[in-house]
Amino acid sequence: MGIVRDLRKTVAEYLPPRVSFTRDYLIELARRDVTISIQDATKAFVKGFLPSSFVAYGLRDKDPMDFVPDLFYKKTTYMCGKQRILLDDKLLFASLISDLVDVPKTYCFISQGEVSPLCQDANLSSVSAIWEYGQECNASFILKPVDGAKGKGVVSLRIVGDVAELDGLHLSFPEFSDYVSNLDNYVLSEQIKQDHYVSRIFPGSVNTVRIVTMIDSSTREPFVAYAVQRIGTHKSAPTDNGSRGGIFALVDLRTGILGRATSYVKHSKGTVVWYESHPDTGEQISGTQIPNWSGALKTILAAAHRLQNVPLVGWDVCVFPDRVVVIEGNVGPCLVLSQMHQPLLVDERVRKFFESYGIC
């Protein structure tokens, strides 16, 4: 019976990633996201990489063993088990760490169009209350799903006079009321005004630093595996998400200085494009210094220690000279953001982490 049980477990763990990977692989080939030879496409599949990753990582000339393959990437989203709710639920996540780091103020919760207040400073219990508060404070807000990911459903909101500005749309109060009535499981939060070092590069989105922490399997202490500065573009605004067309630059963990940026190959005509400066604004990216970098790492490691039962977290943060604001935490943070710049498994701590979960 023990052999049968072990066999079932192996099949259950192996087949879903293999089936999912094969489906995604065939979809990419059919869409022709990248130009790839039959020989390279075959090598990519055998090694567990999507065609886009094979091109993005330059695997024709690099050792695939130094990279976490796409075949096993989805397993990272299951590392947390039931603990993933601590990251998936944005309200719960913020409540767990708000005594350690700054988090954006959340004003209200919207469920099936009904507004419930969450902030004592502003008793927003109706659409009218949101409208009046927006008119009075002349501030910018973010509407986003409580359990959303990849920037889906996120919109910026500003109410000026008798108009609600919603991602370029201009709505009257009745139109805005209708819009809110169709929202479900959303929150209204403050929009963080980012520091000048990154607003200079692109002011059209809140540009966060993705800091990825892992829990060392032997010491049970968190460490920072990598960090990237995410930067929005005209394609991705009002978010900085790479999946929506944003770009990302690797952060030197020792100094906090940005390298050159790149983007998903599907947003650059199937090739790898590097940006020393921003493609829309022309502002310099490479060489930009993130302020208070050592303080930011210390703060995030303290928060990661609080969530010690969550082994892998992608922290989206805004860094300022005197503080760090955590926007959200992510399960299974996109490894492409790092591996387009450098292979993850050349770092021995990272390799041991993934080995402990049977991923490499």
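Reader: What makes the link between the side chains of threonine 213 and tryptophan 315 a polar contact?

Author: In this predicted model, the two side chains are joined at 2.9 Å. The limit for such a pair of N or O atoms is 3.5 Å, so the 2.9 Å between threonine 213 and tryptophan 315 counts as a polar contact.

Reader: Where is threonine 213, and why is it called buried?

Author: Threonine 213 sits in strand S8, which covers residues 209-215. Its relative accessible area is 2%, and buried means under 20%, so threonine 213 is buried. Setting aside residues within four places in sequence, its contacts include Phe223, Val224, Ile300 and Ala304. Pro311, Leu312, Val313 and Trp315 are also among them.

Reader: Thanks! Which side chain does glutamine 229 join in a polar contact, and how do you know that it qualifies?

Author: The partner is tyrosine 197, at 2.6 Å. Since the limit is 3.5 Å, the pair of glutamine 229 and tyrosine 197 qualifies as a polar contact.

Reader: Is glutamine 229 buried or exposed?

Author: Glutamine 229 belongs to strand S9, residues 222-231. Its relative accessibility is 0%; the cut-off for buried is under 20%, and therefore glutamine 229 counts as buried. Beyond its neighbours within four places in sequence, the residues in contact with glutamine 229 include Tyr197, Val198, Asn207, Thr208 and Val209. Others on that list include Ile247, Phe248, Leu258 and Ile290.

Reader: Which residues meet where H7 and H8 touch?

Author: From H7 come Val127, Ser128, Ile130 and Trp131, and from H8 come Phe173, Phe176, Ser177 and Val180. By class, the contact has 6 nonpolar residues, 2 polar ones and no charged ones. Some of these H7 residues are buried too: the buried residues of H7 are Val127, Ala129, Ile130, Trp131 and Gly134.

Reader: What follows H7?

Author: Asparagine 138 does, and its phi is positive, near 50°.

Reader: How do you know whether arginine 32 is buried or exposed?

Author: Arginine 32 has 72% relative accessibility. Exposed means over 50%, so arginine 32 counts as exposed. It is found in the loop between helix H1 (2-31) and helix H2 (38-47).

Reader: What makes serine 199 partly exposed?

Author: Serine 199, in helix H9, has a relative accessible area of 22%. Buried needs under 20% and exposed needs over 50%, so serine 199, at 22%, is partly exposed.

Reader: Why is isoleucine 192 called buried, and what does it touch?

Author: At 11% relative accessible area, isoleucine 192 falls under the 20% limit, so it is buried. Isoleucine 192 lies in the loop between S7 and helix H9 (196-199). Residues up to four places away aside, it touches Pro104, Val206, Cys318, Phe320, Val325 and Ile327. Isoleucine 327 is 135 residues away along the chain, yet the two C-alpha atoms are separated by 8.7 Å.

Reader: One last point: which peptide bond is cis?

Author: The bond from alanine 237 to proline 238 is cis, with omega near 15°. Proline 238 is in the loop between S9 and strand S10 (247-251).

Methods:
Residues are numbered from 1 along each chain as its sequence is written. This is a predicted model: local features need pLDDT of at least 70, side-chain atom pairs count only at pLDDT 80 or more; totals for chains, interfaces and linings use all residues. Side-chain values use heavy atoms; hydrogens and water are left out. Contact means heavy atoms within 4.5 Å. Helices (H or I, at least four residues) and strands (E, at least two) are DSSP runs, numbered from the N terminus. Ala, Val, Leu, Ile, Met, Phe, Trp, Tyr, Cys and Pro count as nonpolar, Asp, Glu, Lys and Arg as charged, and the others, Gly among them, as polar. Buried means under 20% relative accessible area, exposed over 50%, partly exposed in between (1.4 Å probe, protein chains only). A polar contact is a pair of N or O atoms within 3.5 Å; within protein, one must be able to donate a hydrogen and the other to accept it, and residues adjacent in sequence count only if both atoms are side-chain atoms.
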